[in-house]
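Student: I have a protein model open and I'd like to learn how to read it. Can we go through it together?

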Amino acid sequence: KLLLRKGQLENAAAHVRYAAQLDKASLGSSVMQQAVVESFLHNYDQAVAIINSALQRAPSPALRILAGRTHMKAKQYEQAIASFEAALQSMATPVAATNLPCSRAEVYFFIGQSYEELEQNDRALTAYNAAIRRDPRLSKAYYQRGLVRFKLGQSRSVTDYNRALAVNPNLFQAYLSRAAYYALNKRYTKAILNCNESARLQPYSVRTYLYRGALKY
């Protein structure tokens with residue numbers, strides 16, 4: 001983590017490779033740990049193979065979620081959706097839904113993101129609706145739904161940005177998206193005020209200053 005924070009990606013990868021080659025028993029290595037290591041190294045096919053092998057032996061929602069996340073990283077969005085939907089089916093009972101890396105709402109959120117990448121915005125909207133129904137405080141779901149509604153030309157997009165910020169006032173991206181909405185509707189003062197809030201939260205965001213500069217001039 002320290003090497004990553006310093007931007008030394010190659011050194012970080014080398015350390016991960018070394019750790020992966022150590023005695024797995026001494027590391028307390030698990031299938032999920034092995035898959036995460038391979039995914040970190042961008043060996044997505046190997047990571048998926050490890051997960052699929054484990055699923056054949058002992059299917060579990062956690063492994064299906066990990067498979068979906070790995071497919072997303074590999075930009076294999078259709079496979080990701082299939083994995084997430086299988087995870088949701090296996091999470092149907094309260095017992096199966098315990099001790100998981102994320103909630104049902106977040107799984108629907110990941111499905112929405114995958115549909116967005118496939119430019120299937122209507123389906124993405126449906127997935128985000130499902131996420132919000134299950135967790136009305138999932139701010140990122142409101143934000144992404146707002147983006148999808150914006151793409152679909154729906155004026156309610158700004159309502160979702162407002163809701164996202166009501167839940168999480170530090171979501172600077174929502175301020176930027178709201179600024180874009182106001183700018184398109186020629187409400188430039190409000191757009192600039194939202195850029196100011198974004199700059200306050202993320203003072204090194206180049207995009208924020210570009211937006212604000214364009215609005216002022």
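Predicted model: local features only at pLDDT ≥ 70, side-chain atom pairs only at ≥ 80, totals over all residues.

Student: How do I check the length of α12 itself?

Tutor: Count residues and compare with the distance from end to end. With 13 residues at 1.5 Å a residue, α12 should span 18 Å, and its end C-alpha atoms are 19 Å apart, so the two agree.

Student: Which residues of α12 are buried, and what do they pack against?

Tutor: Start with the general idea: an α-helix has 3.6 residues a turn, so residues three or four places apart point the same way. In α12 the buried residues include F172, Y175, L176, A179 and Y182. The helix's buried residues pack against α10, α11, α13 and α14.

Student: Let's zoom out. How many helices and strands are there?

Tutor: You'll find 14 helices and zero strands. As for burial, 41% of the 217 residues are buried.

Student: Now the charged side chains. How many salt bridges are there?

Tutor: A search of the whole structure gives five. In one of them, E116 pairs with K151, with the closest N and O atoms 2.8 Å apart. Since E116 lies in helix α8 and K151 in helix α10, the pair ties together parts that are 35 residues apart in sequence.

Student: Are those two partners buried or exposed?

Tutor: Look at relative accessibility, where under 20% means buried. E116 has 11%, so E116 counts as buried. K151 has 49%, so K151 counts as partly exposed.

Student: Which residues are linked in a network of salt bridges?

Tutor: R145, R149 and D160. D160 meets R145 with the closest N and O atoms 2.7 Å apart, and D160 also meets R149 at 2.9 Å, N to O. D160 sits in helix α11 and R149 in helix α10, 11 residues apart. D160 is buried, with a relative accessible area of 0%, while R149 has 6% relative accessibility and so counts as buried too. R145 is buried as well.

Notes
Residues numbered from 1 in each chain as written. Heavy atoms only, no water. Helix = DSSP H or I, 4+ residues; strand = E, 2+ residues; numbered from the N terminus. Buried < 20%, exposed > 50% of the residue type's maximum accessible area, 1.4 Å probe, protein only. Expected span 1.5 Å × (residues − 1). Contact = heavy atoms within 4.5 Å. Salt bridge = Lys/Arg side-chain N within 4 Å of Asp/Glu carboxyl O.
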